[in-house]
Amino acid sequence: MAKDRFVEIYSQGVVNVVKVIVDTETGVNYVMGSHNKASGIGMTVLVDRDGKPVVSPGN
């Protein structure tokens with residue numbers, strides 16, 4: 001079975017949800033947020049204080 005390309009590594013909240021998702025091929029982290037699960041969902045690259053993408057170790 002093929003390895004999943006994106007994996008969730010962090011989740012917070014039930015109604016207002018924040019998740020961190022990692023691209024297993026590049027190691028780049030994304031933050032995804034939703035409000036009320038009915039207002040839409042946003043996802044963007046998670047950056048460090050210097051504005052560079054957060055990359056998980058091992059990639």
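**Nonpolar patch.** I looked for greasy surface and found a nonpolar patch of about 310 Å² made by V7, I9, Y10 and V18. Patch members have over 30% relative accessible area and no salt bridge, with nonpolar side chains (Val, Leu, Ile, Met, Phe, Trp, Tyr) joined within 5 Å and like charges within 9 Å. Areas come from the Shrake-Rupley method with a 1.4 Å probe, and for residues only the protein chains shown count as cover. Strand β1 supplies the largest share of the patch, 3 residues. I9 is found in β1, and I9 counts as exposed because its relative accessibility is 52%. My cut-offs here: buried is under 20% relative accessible area, exposed is over 50%, and partly exposed is in between (1.4 Å probe, protein chains only).

**What I am working from.** This is a predicted model, so I took local features only at pLDDT of at least 70 and side-chain atom pairs only at pLDDT 80 or more, while totals for chains, interfaces and linings use all residues. Numbering starts from 1 along each chain as its sequence is written, and side-chain values use heavy atoms, with hydrogens and water left out.

**Whole chain.** I counted 0 helices and 4 strands, running β-β-β-β from the N terminus on. Helices (H or I, at least four residues) and strands (E, at least two) are DSSP runs, numbered from the N terminus. The C-alpha trace spans about 35 × 35 × 15 Å along its principal axes. Buried residues make up 20% of the 59 residues. The chain exposes about 4,400 Å², and carbon and sulfur atoms supply 55% of that.

I call two strands paired if DSSP finds at least two bridges between them.

**Strand by strand.** β1 (residues 6–12) and β2 (residues 16–23) pair over 6 bridges. Across that pair, F6 stands opposite D23 and S11 stands opposite K19. The two strands form a hairpin with 3 residues between them, and G13 in the turn has a positive phi of about 95°. Next, 7 bridges join β2 to β3, with K19 opposite M32. That hairpin has 5 residues between its strands, and its turn holds G27 with a positive phi of about 80°. β3 and β4 pair over 5 bridges, and G33 has G42 as its bridge partner in β4.

**Salt bridges.** I searched the whole structure and got 3 salt bridges, each a side-chain nitrogen of Lys or Arg within 4 Å of a carboxyl oxygen of Asp or Glu.

- D23 and R5 meet at 2.7 Å, N to O. D23 lies in β2 and R5 in the segment before β1, so the pair ties together parts that are 18 residues apart in sequence. D23 is buried at 3% relative accessible area, whereas R5 is partly exposed at 36%.
- E25 and R5 meet at 3.6 Å, N to O. E25 sits in the loop between β2 and β3, so this pair spans 20 residues of sequence. E25 counts as exposed at 59%.
- E8 and K19 meet at 3.3 Å, N to O. This one links β1 to β2 across 11 residues. Both ends are partly exposed, E8 at 46% and K19 at 22%.

Shared partners join R5, D23 and E25 into one network.

Is S34 buried or exposed? It is buried, because its relative accessibility is 14%. S34 lies in β3 (residues 29–35) and touches V15, N16, V17, G40 and I41, leaving out residues up to four places away in sequence. Contact means heavy atoms within 4.5 Å. N36 is in the loop between β3 and β4 and is partly exposed at 45%. N36 and N16 are 20 residues apart in sequence and 5.6 Å apart in space, C-alpha to C-alpha.
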